[in-house]
Amino acid sequence: QVHLVESGGGLVQAGGSLRLSCAASGIIFRINNMNWYRQAPGKQRELVAAITSAGNTNYADSVKGRFTISRDNAKGMVFLQMNSLKAEDTAVYYCNADIASLSGISDDYWGQGTQVTVSS
């Protein structure tokens, strides 16, 4: 089985920074796209940032210039550096990845989520 485990969430004041990490474990042949989503109370889950296996990135307009997604392919990890945090960034952040097993079949995996709370 494949698991994604996030870490790094917490409480921070507005203007501060946090770094989220997500590690994939299990029997993995290849990790394709890796993404960070977030879901605030009463809102739909939204894509925050995405990174391909080649390192190409994409960001939601609301976080451009403040958040940076990166990955370590050798370790099967993805990171989200969040700077200049705002109260509206408060949400549960989820790691998501498209992972191929040894059979070559890809599937979509999610982490359990990590809470980020930004106090104003």
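Me: Why is Ser84 called partly exposed?
Reply: Ser84 has a relative accessible area of 42%. Buried means under 20%, exposed means over 50%, and partly exposed lies in between (1.4 Å probe, protein chains only), so Ser84 counts as partly exposed. Bear in mind that this is a predicted model, where local features need pLDDT of at least 70, side-chain atom pairs count only at pLDDT 80 or more, and totals for chains, interfaces and linings use all residues. Residues are numbered from 1 along each chain as its sequence is written, and side-chain values use heavy atoms, with hydrogens and water left out.

Me: Where is Ser84 found, and what is its phi?
Reply: Ser84 is in the loop between β8 (77–82) and β9 (91–100). Its phi is near 50°, a positive value in a residue other than glycine. Those strands are DSSP runs (E, at least two residues; helices are H or I, at least four), numbered from the N terminus.

Me: How do you know that β3 and β8 pair?
Reply: Two strands pair if DSSP finds at least two bridges between them. Six bridges join β3 (residues 18–25) to β8, so they pair, and they run antiparallel. Ser21 stands opposite Phe79 in β8.

Me: Which strands form the open sheet, and what makes a strand an edge strand?
Reply: The order is β1-β3-β8-β7, with antiparallel pairing. β1 (3–7) and β7 (67–72) are the edge strands, as each pairs on one side only.
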